[in-house]
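I open this notebook to record what I looked up, beginning with a pocket and its lining, then moving on to charged pairs and nonpolar cores.

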Amino acid sequence: MYHIKQNDIRCRKEIREYGCFYRSCGLVAEYHTSKCLNARQLNEGWDECKKNNWIDADDDIVNSAAIINYFLNELGDSGKYIEVGTFTNGIKTFYDGVNTKYRKIDALIQKVKTNGKYGTHFRPVDKKGALVEDPHDPVIEFESVMYSILYCYIGVKKNENVNVNKILKPKDLYSKIFI
């Protein structure tokens with residue numbers, strides 16, 4: 001299966017220049033669905049993410065789970081991923097209040113330190129921290145792992161309609177004790 005790289009000439013400038021986190025979100029959706037996004041979907045997705053403030057005015061990703069869910073929807077999957085914690089220096093930490101039923105890891109996006117222009121790079125990894133696929137070609141060499149973001153997939157029951165662009169409310173994510 002061929003996945004478009006962030007630096008593919010068909011991708012808009014922002015994606016080519018510094019879209020590794022964005023493209024990693026797309027790769028999570030692509031690997032989950034076993035389908036591929038095309039350049040049009042990636043380019044139009046950038047505008048949709050900006051419009052929904054999942055990417056801020058400085059082009060920083062502020063809601064990676066919403067971006068993954070947008071791409072899941074584009075690829076025909078009505079489930080959603082939620083961000084549930086981090087993995088840093090060998091320590092897995094779930095965010096305070098994440099309900100125990102969501103304390104599982106279905107995808108990870110790792111941030112690494114590099115010698116490159118931006119000093120960091122994002123890439124999807126497996127549960128052991130091994131690279132799934134680098135969003136850039138050639139693969140970006142790195143100095144050290146900074147952390148990984150943990151995501152849990154929530155499937156949707158048959159015939160259940162879910163707006164995957166809607167961000168889950170705290171009551172959906174957290175135990176009642178924390179609300």
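Entry 1: I sorted the residues that line the largest pocket and found eleven nonpolar, eight polar and seven charged, where Ala, Val, Leu, Ile, Met, Phe, Trp, Tyr, Cys and Pro count as nonpolar, Asp, Glu, Lys and Arg as charged, and the others, Gly among them, as polar. I note that this is a predicted model, in which local features need pLDDT of at least 70 and side-chain atom pairs count only at pLDDT 80 or more, while totals for chains, interfaces and linings use all residues. Residues are numbered from 1 along each chain as its sequence is written, and side-chain values use heavy atoms, with hydrogens and water left out.

The space in this largest pocket comes to about 550 Å³. Of its 26 lining residues, I list Tyr18, Cys20, Tyr118, Thr120 and Phe122 as the closest to the centre. Two or more lining residues come from each of α1 (13–18), α2, β4 (120–125) and β5 (144–154); helices (H or I, at least four residues) and strands (E, at least two) are DSSP runs, numbered from the N terminus. A pocket here is, on a 1 Å grid over the protein atoms alone, an open set of points where a 1.4 Å probe fits, with protein on both sides within 12 Å along at least five of seven lines, and lining residues have an atom within 4 Å of a point. Grid points are joined across faces, edges and corners, and the volume is the space filled by probe spheres set on the points.

**Entry 2: salt bridges.** I count eleven salt bridges in the structure, each being a side-chain nitrogen of Lys or Arg within 4 Å of a carboxyl oxygen of Asp or Glu. Which residues are linked with Arg12 in a network of salt bridges? The network joins Arg12 to Glu14 and Asp47. I find 2.9 Å, N to O, for glutamate 14 with arginine 12, and 2.8 Å between the closest N and O atoms of aspartate 47 and arginine 12. Because aspartate 47 lies in helix α3 (residues 39–51) and arginine 12 in the segment before α1, that pair ties together parts 35 residues apart in sequence. Aspartate 47 is partly exposed at 44% relative accessible area (buried means under 20%, exposed over 50%, partly exposed in between; 1.4 Å probe, protein chains only).

Aspartate 8 also forms a salt bridge, with arginine 10, at 2.9 Å between the closest N and O atoms. Aspartate 8 counts as buried at 13% relative accessibility, whereas arginine 10, at 46%, counts as partly exposed.

**Entry 3: nonpolar cores.** A nonpolar core is a set of buried Ala, Val, Leu, Ile, Met, Phe, Trp, Tyr and Cys residues joined through side-chain atoms within 4.5 Å. In the largest one, of 32 residues, Tyr22, Ile67 and Tyr151 touch the most other members. The elements giving two or more residues to this core are α2, α3, α4 (64–74), β3 (107–113) and β5, and α4 has the largest share, seven residues. Leaving aside neighbours within four places in sequence, I find tyrosine 22 in contact (heavy atoms within 4.5 Å) with residues including Ile15, Trp46, Ile67 and Phe71. A second, separate core of eleven residues includes Ile82, Val98, Tyr102 and Val125.
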